[in-house]
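Subject: A structure for you to look at

Hi there,

Here is the structure I promised to pass on. Have a look at it first, and then read my notes below.

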Amino acid sequence: MSATTPERTGVTTQAIEGSQAIRLAPNYWPFVIPALIVVGAVIVFPWAFTLWMSVNRWTLGQSRSFAGVENYLRLAVDQRFWESLFHTLTYTFLSVAAPMILGTVAALIFDARFPLRGLLRGVFVMPMMATPVAVALVWTMMFHPQLGVLNYLLSLVGIPAQEWIFNANTVIPSLVAVETWQWTPLVMLIVLGGLASVPREPFESAEIDGANAWQQFRYLTLPMIAPFLMIAVIIRTIDALKSFDIIYAMTQGGPGTASETINIYLYNTAFSYYDIGYGSAMAVVFFIVIVALSFILLMLRQRSQWIGVEGK
Amino acid sequence: MSSRLLNQIGLFFAALVFVSPAILFFLWMISLSLKFEIDNGAYPPILIPEHLAWSNYAKVFEENNFLLYLWNSVLVTGTATLLALLIGVPAGYGIARLKAERSAVVIMIARMTPGLSYLIPLFLLFQWVGILGTLWPQIIIHLVVTVPIVVWVMIGYFETTPMELEEAANIDGASSWQVFRLVALPIAKPGIVVAFILSVIFSWNNFVFGVVLASRETRTLPVAVYNMLSYEQVSWGPLAAAALVVTLPVLVLTMFAQRQIVAGLTAGAVKGG
């Protein structure tokens, strides 16, 4: 890290001396600059603007005035906001837990060899690539209390008909079922990648020592794939917190406000009531919630990596 | 030997249990789209009807301006993806070679940010510039989705391509641009394919940007399908047919490019933490 940078003419002599210097020689910044400009325009500018709007009283079509922290204070006592935060956290917790458990088991199965494995994996991956709105429409029909196929399937095994997304008590679990259906494959793929990196030898010696399948999973596989599980948890948490398409297309936050997450409330505030000052404050707080949760999980990941190393 | 076979059959059925929700869903989607109203309202539900209602598909294209919305989707996804490749592939190369790992943080933050928080300021900006009635607002805002994907995939790809050739070309007096275009780019083709596919899928599927920014003439397919639901008296056959038409291109792409998609998603994911 000396102050002098190598001159263009010095490249050949330094090339002989060592490759370390060469890496500094070509100028790579021109490759990055166009992307920096775009990122600045469509990502950084909106953020700066959002921060500024959040300290203004501003409803679209009316005049704007400076408000300081008023919008944030309003949030603190807005019961609908706190309820939506609670819905978001419930939805997120369930939408992380269910795909994590199912996805890990699925990965253990798909890690083995069996007939038609490639084909089945291909079909398994399809839900996460399907267009969310299309998925939401068909699920809405399947959830229909009278004509839906799900209640019929339940009736076959003697379970009474449910109201699914049309009942305030079951709407969030029903939406989580759709989210789980769609995103379990991603967890499966990440864990599958982890399983592929697991060495064989410890299992052979465990076998000789008489460890059963559960013990092998609990004391060998699990610690070794822990870092991958944490990555899956982090990605799933971010995506579930941000979830919009499925919820909006299926319930729009209803019935009433029973499934209104922060994202939906934010949408309604900004684009139904056009209260963009308040909506912006909500966006800022929402972002802080996402970053804070991600940060906590990242810290946990640091720890899980240690466990991973000890496991080996 | 036979216990191994038994084991394999057991695994097959275990996998089938996990895949069955996906199979059932798509079968049911096809079934709904091919049934007349009377069959869709039948109880107990019918999986395979006596008479197939192909007219549901005809109805989708005849009414609702569906072809226009299809074209809008192609334009928005196509332009946003091409622009992202144009900008993102060189950027991925530059970041990988500069070893500027911190710039990856920017992409992580972009991933964490809810799409809605871009929408409020950009909506105002587009209104102010006066391009709200055109497709440009959607194309520009889709860059929020496509550019990070392309940059992310390409950083990962260029990090793994060997430096020796580039160094040799460098010594021979090639400029950085020539090294990129003639040495690095050809090797990176598979990575570009992965970036292209993922960018197309996530842009195509996007709903939230269109629902705010699209007017009657500039709707993309996901928005058009959603609007069918809220407008007309809901008839399930055409609605399911429309849903299938929207998602079919993506599903076909997924089937043919499964390997690339899995590689791209897991590479991004594993580096993503």
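How much of the chain is helix over residues 9–30 of chain B? Over that stretch the chain is 100% helix and 0% strand, with the end C-alpha atoms 29 Å apart. Helices (H or I, at least four residues) and strands (E, at least two) are DSSP runs, numbered from the N terminus.

Before going on, a word on the model. Residues are numbered from 1 along each chain as its sequence is written, and chains are lettered from A and ligands numbered from 1 in the order in which they are written. This is a predicted model, where local features need pLDDT of at least 70 and side-chain atom pairs count only at pLDDT 80 or more, while totals for chains, interfaces and linings use all residues.

Now chain B. An unreviewed UniProt entry places the feature "transmembrane region" at several stretches of chain B, including residues 9–30 and 191–214. UniProt positions are given in the numbering used here, feature names are shortened, and annotations may be inferred rather than shown by experiment. Residues 191–214 of chain B are 88% helix and 0% strand, and their end C-alpha atoms lie 32 Å apart.

Chain A has 14 helices and 2 strands. Of its 312 residues, 44% are buried (20 or more other C-beta atoms within 10 Å of a residue's own, with C-beta atoms placed from the backbone). The unreviewed UniProt annotation "domain: ABC transmembrane type-1" covers residues 85–299 of chain A, a stretch that is 76% helix and 0% strand.

How do the chains meet? In chain A, 79 residues are in contact with 81 residues of chain B (contact means C-beta atoms, placed from the backbone, within 7 Å). Helix H3 (residues 29–54) of chain A gives the largest share of chain A's side, 13 residues. That side divides into 65 nonpolar, 11 polar and 3 charged residues. Here Ala, Val, Leu, Ile, Met, Phe, Trp, Tyr, Cys and Pro count as nonpolar, Asp, Glu, Lys and Arg as charged, and the others, Gly among them, as polar.

Helix H6 (residues 117–129) of chain A packs against helix H13 (residues 236–256) of chain B at an angle of about 140°, with their axes 10 Å apart. Axes are lines fitted to C-alpha atoms, for helices over the stretch in contact, and angles run from 0 to 180 degrees between N-to-C directions. Among the residues making this contact are A:Gly122 and A:Met126 of H6(A) and B:Leu251 and B:Thr254 of H13(B).

Happy exploring!

Terms used
Two residues are in contact if their C-beta atoms, placed from the backbone, lie within 7 Å. A residue is buried if 20 or more other C-beta atoms lie within 10 Å of its own, exposed if 12 or fewer, and partly exposed in between; C-beta atoms are placed from the backbone.
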